[in-house]
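Hi,

Here is the model I promised to pass on. My notes follow below it.

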Amino acid sequence: MPFEGVMLIINSIFMILGGIVVFMIGMEMMGSNLEKAAGKNIRKLMGKAAKNRFTGIGTGAVVTALVNSSAATTVMIVGFVNVGLMTLTQAASVIMGANIGTTISAFIMALSSAGGSWFSVTAIFALIAFIGFAITLISKKDNVKRIGSIFVGVGLIFIGLSVMSGAVSSMLANEQINDAVRGLFQIFEPPLTWEIIVLFLLGVVLTAMMQSSAALTAIVISLASQGLITLQAAMCIILGANVGTCLTSLISAVGATVNAKRAAMVHLLFNVAGCLIFIFPVAFAGDYIAEFLNSFIADTEWQIAIFHMFFNLVTTLLLLPFLKGLVKLACLIVPDKSGGKSAEGSTEILDERLLKTPAIAVGQVRKEIVRMGDLAFTNYKRALDMLFTGELKGKEQFDETEKQINSLNKYITQFLIKLSSQEISETDERKVSSFYHVTSDMERIGDYAENITEYAERMANLKGSFSEHATEEIKQMDAHLTELYKNVELAFSTHSLKNMAVIEREEDATDAMCKKMQQSHIRRTDEGRCSPEAGAVYLQLAVNMERIGDHMFNIANSIKIYVETEEKAV
């Protein structure tokens, strides 16, 4: 082969690789921005997945169509199972749906070849990419910029596909190269058994390397559009790609809970079972399948897209009745070595996999902060009980909870830092900013509870006690703090300001009660009814309880700021 031919092949290969890069950037841009734009809807859809297996399949299909990647959806699912947001059975149905949703990519790729010399779909989408780019430059609103980015992403997908197809076409324009390349591909044409195995394994390996079945499908469609591979060969590669895409979810399950690993295994089992069902018809009846599809549509690109969808739909319909059996098999393959503790019993509901879906991650952070607040307030109650009874038996449990609060404070703060670095909506950005302060306030409540424990130890060592009136005043203050915390927790959990009036009233009551306690203490000291040691503890206790109330009110104010800002934006 002359030097010109060699250079043409090299240049074409470089252009194909560049086309893959543009295509994958477009897929990522479109998927990530669609995901951000529909973040709340994704969260609602995932909630509906718990209803039954059919809603689970629908949820998986819709979410995957939005993010344009079954691998990305499966990684999300592994994360949800890991933190207990989803059971293994629910996850299995969503995974089935994800495989259906990913077939939209093949139809987008097939569409890129539509049109003729006077009409080019790619040219239309190239214009859409330019319009989207202009929108991102002109607009200052995040939501509008996101729409512009979606347009750019869609356009880049078609441009990338066009670059790949054009590179192959340019290479085949040379007669010698055309004959050599076609001869090479004919070596791997089915129906011989070893060719089928080689093509299948090629699909597995290449998809695992690229971590994108969509990218390999794009290459296959580009080759098919130039007549380099037959439909039967393309089907073998597509089957392999469906197994290769499982690698991403298997990698994401490393270091996760047993149930998360089982979710990744369900994904693998589902796709392997589907391939076992289809590999024999494809191997021995590939020509008949091609003839059948030819009766509907002549273009191989569209035939590949139809086969891809048919494969996932039929596999889902056949395996759906055996969903529980599939889950049981995954449980047998991935045994529980931790003594039966599942993800649902996990104490840690934050998982870095959730960072891929910031809207859901924000919701999970809120839950973890509420749990941290419950621990802090429980410790406050435990400290007060030790102060009243003089019994310090709960000190060990108190110290253990305090360590947990400090650990949670550190972990949540680190997670929020990582979440802040993601591309999140304005609303979620305000929430994340608020969560930093709320976490700090929760931790400070725990610190004041620790001070109260020290007062309990001091009183126990002195063998002292408070007068009946002093005890009653402490209980009144505690009643206001309990009511205040109950309403603050409700406001934070529900993202609502409906009970803000009650919060303000109770916070004012704690301030007033602190002053009353101080005045009562002075009166009792003047009357000689209070020892100096007990009096010092009482005054410090009053101030600490009032400051606990202040931190609760800080939390309420933090909620108020971002909720009111959000309402104004609406």
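The largest cavity has a volume of about 40 Å³, and the structure holds one cavity of 30 Å³ or more. By cavity I mean a set of points on a 1 Å grid, over the protein atoms alone, where a 1.4 Å probe fits but cannot get out; the volume is the space filled by probe spheres set on the points, which are joined across faces, edges and corners. Its lining (residues with an atom within 4 Å of a point) consists of S70, N99, T102, S213, N242, T245, N271 and H308. That lining splits into no nonpolar, eight polar and no charged residues, where Ala, Val, Leu, Ile, Met, Phe, Trp, Tyr, Cys and Pro count as nonpolar, Asp, Glu, Lys and Arg as charged, and the others, Gly among them, as polar.

Now the helices (DSSP runs of H or I, at least four residues, numbered from the N terminus). Helix α19, residues 426–462, has 37 residues and reaches 55 Å from first C-alpha to last, close to the expected 54 Å (1.5 Å times one less than its number of residues). Just after α19, K463 takes a positive phi of about 55°.

This is a predicted model, with local features needing pLDDT of at least 70, side-chain atom pairs pLDDT 80 or more, and totals for chains, interfaces and linings using all residues. Numbering runs from 1 along each chain as its sequence is written, and side-chain values use heavy atoms, without hydrogens and water.

Cheers

Key: 1 Å grid on protein atoms, 1.4 Å probe; cavity = no way out; pocket = protein on both sides within 12 Å on 5 of 7 lines; lining within 4 Å. Helix = DSSP H or I, 4+ residues; strand = E, 2+ residues; numbered from the N terminus.
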